[in-house]
Amino acid sequence: MDFNAYLNLISSQKNLPFILFICVFVILSVLEIKYGGYKEKTPRLSRWPHHFLLILFNALVFRVLLPGFCLFAALSAAEHRFGLFNQVEVPSLFGIIFTIIFLDWMLYYLHRAYHAIPLLWKIHRVHHTDVEVDVTTGLRFHTLEILMTTLVKALIIYLLGAPIYGVFVFEIWIEISNLFNHSNIRIPAALEKALRWFIITPYMHRVHHSSNSAETNSNFGFNFSWWDKFFMTYHEPLKTGKEKLGLNVFEDIRYFQFKSLLLQPFLDKKGKFKFKNIIREN
């Protein structure tokens, strides 16, 4: 498929990611209500409105600043014949599959960096200070984190010369996967165990949101479960009711608010705001 064919394909399907996202979100939300895996301790009404405000804010910001930036990186690499796959001829299907697996591997390492580097952790911890884990937690990311992740992904895509359709599929998959593996749904044990050999399940990812630091620093994967097993960061799922979620900080209800979610990277552990807090240990 040539460059113009790719461009026409992406253009004709530009609304597909949004439509799929809404459908999956609604389905998982309904399943959480009817077949919830864990009993919530904090009402959704105290969390969800602020999560939606953060999601809407991020969507508006990136609609203006970086609309379709990862696809643009792939399009630019193809147009300028830059990157590995624009120099080495490979079958189209191989290029697409390799792109999906390679990007997932890179995000695994980026996720570990967000936990290991104090400056990045202060930005990423907004995702972890949620005291529950459900479908909206999969979208609870600080604007700065989304910006940095998008730029890193775009750079990798450009250097790889990733096939445009591979990037298109990956971007859809990562959004759906984030919703699924954060969802609070009950999956039959046998099915969940089988799925866990290949993909991240809600039961497996819930460990990552534990307030226990050893558990928080495990199960970093996004789509495929094998990275954690191969690089020895895998932790077995916790027994139902045995875990405590969150970070033992910013647990007060006032920190659930939209304004507080945006300010969290700049707050110390006592909730005091100073811009320099983001570059200081606290």
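Begin by selecting leucine 119, which lies in helix 6 (residues 118–128); helices (H or I, at least four residues) and strands (E, at least two) are DSSP runs numbered from the N terminus. This is a predicted model, in which local features need pLDDT of at least 70 and side-chain atom pairs count only at pLDDT 80 or more, while totals for chains, interfaces and linings use all residues. Residues are numbered from 1 along each chain as its sequence is written, and side-chain values use heavy atoms, with hydrogens and water left out.

Leucine 119 is partly exposed, with a relative accessible area of 38%; buried means under 20%, exposed over 50%, and partly exposed in between (1.4 Å probe, protein chains only).

**The whole chain**

Now display the entire protein, which has 13 helices and 0 strands. The C-alpha trace spans about 55 × 50 × 35 Å along its principal axes. For 282 residues, a compact globule would have a radius of gyration near 19 Å, and the 19 Å of the protein agrees; this radius is taken over C-alpha atoms, and the globule rule is 2.2 Å times the number of residues to the power 0.38. Of the 282 residues, 50% count as buried. Among contacts (heavy atoms within 4.5 Å) with a separation of 6 or more, 73% join residues 24 or more positions apart.

**Helix 4 and helix 7**

Select helix 4 (residues 69–79) and helix 7 (residues 143–160), whose axes come within 8 Å and cross at roughly 20°. The axes are lines fitted to C-alpha atoms over the stretch in contact, and angles run from 0 to 180 degrees between N-to-C directions. Helix 4 and helix 7 are therefore roughly parallel to each other; angles under 35 degrees count as roughly parallel, over 145 as roughly antiparallel, 65 to 115 as roughly perpendicular and the rest as oblique.

On the helix 4 side, show Phe69, Cys70, Ala73, Ala74, Ser76 and Ala77; on the helix 7 side, show Thr150, Leu151, Lys153, Ala154, Ile157 and Tyr158, which complete the contact. By class, this contact of helix 4 with helix 7 has 9 nonpolar, 2 polar and 1 charged residues. Here Ala, Val, Leu, Ile, Met, Phe, Trp, Tyr, Cys and Pro count as nonpolar, Asp, Glu, Lys and Arg as charged, and the others, Gly among them, as polar.

Keep helix 4 in view: 8 of its 11 residues are buried, so helix 4 is largely enclosed by the rest of the structure. The buried residues of helix 4 include Cys70, Leu71, Ala73 and Ala74. Just after helix 4, select arginine 81, which takes a positive phi of about 55°.

**Helix 2 and helix 8**

Next select helix 2 (16–34) and helix 8 (residues 164–182); the axes of helix 2 and helix 8 come within 10 Å and cross at roughly 15°. Helix 2 and helix 8 are therefore roughly parallel to each other. Their contact involves, among others, Leu20, Phe21 and Glu32 of helix 2 and Phe168, Ile172 and His182 of helix 8. The residues of this contact divide into 12 nonpolar, 1 polar and 1 charged.

**Last stop: threonine 42**

Finally, select threonine 42, in the loop between helix 2 and helix 3 (48–65). Threonine 42 is buried, with a relative accessible area of 16%. Not counting residues up to four places away in sequence, threonine 42 touches Arg47, Val131, Glu132 and Phe256.
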